[in-house]
Amino acid sequence: MAKTVVILGGSYAGLHIAHALLKKHDKDVKVILVSKNSHFFWNVAAVRAIVPGIVKDEQLLVPLESALKRYPAESYELIIGSAESSDFAAKTVTVSTSAGSSQTLSYDHLVLATGSRCPSEDVPWKASHSYQEVISLLSRTRERVSSATNIVVAGAGPTGIEVAGELGYEFGKTNKSITLLCAGDKLMDGDIIAGAAANELRKLNVTVKYGARVTSSQQKTADGKQEEIITLANGETITTDVYLPTMGLVPNSEYIDAQYLDAQRRTVNVDDYFRVPGAEGVWAAGDIVCKPRAGFMITQKQAAGVAKNIDLVLKGKEPTLVKGLPVDVMMCAVGRGRGAGRVNSIKVPSFLVWMGKGRTLALQMVPGYIDGSVA
Ligand SMILES: Cc1cc2nc3c(=O)[nH]c(=O)nc-3n(C[C@H](O)[C@H](O)[C@H](O)COP(=O)(O)OP(=O)(O)OC[C@H]3O[C@@H](n4cnc5c(N)ncnc54)[C@H](O)[C@@H]3O)c2cc1C
């Protein structure tokens, strides 16, 4: 009888693992992919998609069904829904579907790939919402960016720098003011590329405000116009037309018993094989693990490792250690023309960052996630 592999989350990790297993097992395995969003979302390019007229929604979001339909119909099932609870002892997970029903799925292997979300519900950075919600968030953000006079981006990590850079590239020479709020005194917590990124932002007329840790924000409608009031840790308030927070990712792990989670970070604990200790047949990859940090290339490596290990176990063999990337790569696109980056501690020139990342934001990789060649 076919073994059932339930994969929770249809993004970089989940879809990769689904392809890898379906390519190798068309009769002895049934893959059930459960995802809140019916589409695969290339969120790496979301930082550019908030600028009107540059990236089309259909380049960013592709139906998961179009990725899976190349496999025999009996070898997979796609459920658009949300994992609400799990029982690792009974080997079941309960899912509420987008059609409004509840389903309890039994598994032989379970992959936790539900990633992470932004604390703010109002930004289109992740596929944490349904397809329609992501599409309308993207379109609303573009409209607001288009009509704004002031835009404030908060969080001076790679995402915040990229968002500010895209806005600076498009609007830096217009009457829009673009400000990036940085909690500390250096971008990216003082990473060696912080200075280069700050220089690039300056060239695009983005103002960086240091020592500006956001404690809260509030939306207000005055004279029919929406405003955002941001409060900083030092008590200062900033009023702006558009506020785009980028800091802090929250793991989507609420459906998992606390004993399997890191007490502070709420990420899933895994061993060196990316198994969840104490939970037979349960594996995890990607942002839900967030080890060593969130990143789609790190996720790719982990997804390949988990898929390989499930394949080995299905064949009655021992799993192997999941290796990380051989080098630590940090590439930050700063607008559509330049960037800042490093490989380990070696800085990468701006034009190489542009060539390797900023030119397309890796949109050319989307077809590989759909046709399965990524796996
Ligand atoms: C704006 C932005 C830009 C980025 N740019 C880069 C970059 O340039 N380079 C880089 O390396 N990394 C980048 N990252 C990080 C990268 O996006 C993540 O590492 C990657 O998304 C992790 O993929 P994942 O599959 O683990 O999870 P996610 O992409 O978070 O996807 C999780 C999936 O699970 C689904 N889901 C959530 N909860 C449930 C549930 N309860 N039940 C069922 N399904 C659920 C979601 O709908 C989603 O489909 C960026 C992140 C952001 C926010």
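Modeller: Here's a walk through the packing, then the domain contact, then the charged pairs.

A word on ground rules: this is a predicted model, with local features needing pLDDT of at least 70 and side-chain atom pairs counting only at pLDDT 80 or more, while totals for chains, interfaces and linings use all residues. Numbering runs from 1 along each chain as its sequence is written, and side-chain values use heavy atoms, leaving out hydrogens and water.

Let's start with the nonpolar core, meaning a set of buried Ala, Val, Leu, Ile, Met, Phe, Trp, Tyr and Cys residues joined through side-chain atoms within 4.5 Å. "Buried" is under 20% relative accessible area, "exposed" is over 50%, and "partly exposed" is in between (1.4 Å probe, protein chains only). The largest core has 110 residues, and the members touching the most others are Trp42, Leu60, Leu112, Leu167, Leu180 and Leu187. Helix 1 (residues 12–24) gives the largest share of this core, eight residues; helices (H or I, at least four residues) and strands (E, at least two) are DSSP runs numbered from the N terminus. The core lies between domain 1 (3–119 + 249–325) and domain 2 (149–240), because both give residues to it. Those bounds come from an automatic or database domain assignment. As a rule, nonpolar side chains in soluble globular proteins tend to be buried together.

Setting aside neighbours within four places in sequence, leucine 167 is in contact (heavy atoms within 4.5 Å) with Ile50, Val51, Val145, Ile151, Val153, Gly172, Ile178 and Leu244. There's also a second, separate core of nine residues, with Val152, Ala154, Ile230 and Ile238 among them.

Beyond four places in sequence, leucine 181 is in contact with Val152, Val153, Ala154, Gly155, Ala156, Lys209, Ala212, Val214, Ile230, Leu232 and Ile238. Val152, Ala154, Ile230 and Ile238 from that list are also members of the second core. Alanine 362, by contrast, is 181 residues from leucine 181 along the chain, with 26 Å between their C-alpha atoms. Threonine 179 is in strand 11 as well (residues 177–181). It's buried, with a relative accessible area of 18%, and it touches Ile151, Val152, Val153, Thr207 and Lys209, again not counting residues up to four places away.

Now for the contact between the two domains. Taken over C-alpha atoms, the centres of domain 1 and domain 2 are 33 Å apart. Seven residues from domain 1 and seven residues from domain 2 take part in the contact. About 550 Å² is buried between them, 71% of it from carbon and sulfur atoms; that's the accessible area (1.4 Å probe) the two parts lose on being put together, summed over both. One salt bridge is counted between the domains, that is, a side-chain nitrogen of Lys or Arg within 4 Å of a carboxyl oxygen of Asp or Glu.

Across the whole structure, a search turns up 20 salt bridges. In one, arginine 144 pairs with glutamate 228, the closest N and O atoms being 3.0 Å apart. This pair links distant parts of the chain, 84 residues apart: arginine 144 is in helix 5 (residues 131–147) and glutamate 228 in strand 14 (residues 225–232). Both ends are tucked away: arginine 144 is buried at 16% relative accessible area, and glutamate 228 is buried at 4%.

Glutamate 166 and arginine 48 also meet through their side chains, at 2.9 Å, N to O. A local case is glutamate 200 with lysine 203, at 3.6 Å, N to O; these two are three residues apart in helix 7 (residues 194–203), so about one helical turn separates them. Here glutamate 200 is buried at 6%, whereas lysine 203 is exposed at 53%. Aspartate 311 and lysine 315 form another bridge at 3.0 Å, N to O, with aspartate 311 buried at 6% and lysine 315 partly exposed at 48%. Finally, Asp191, Arg293, Asp328 and Arg342 are linked in a network of salt bridges.
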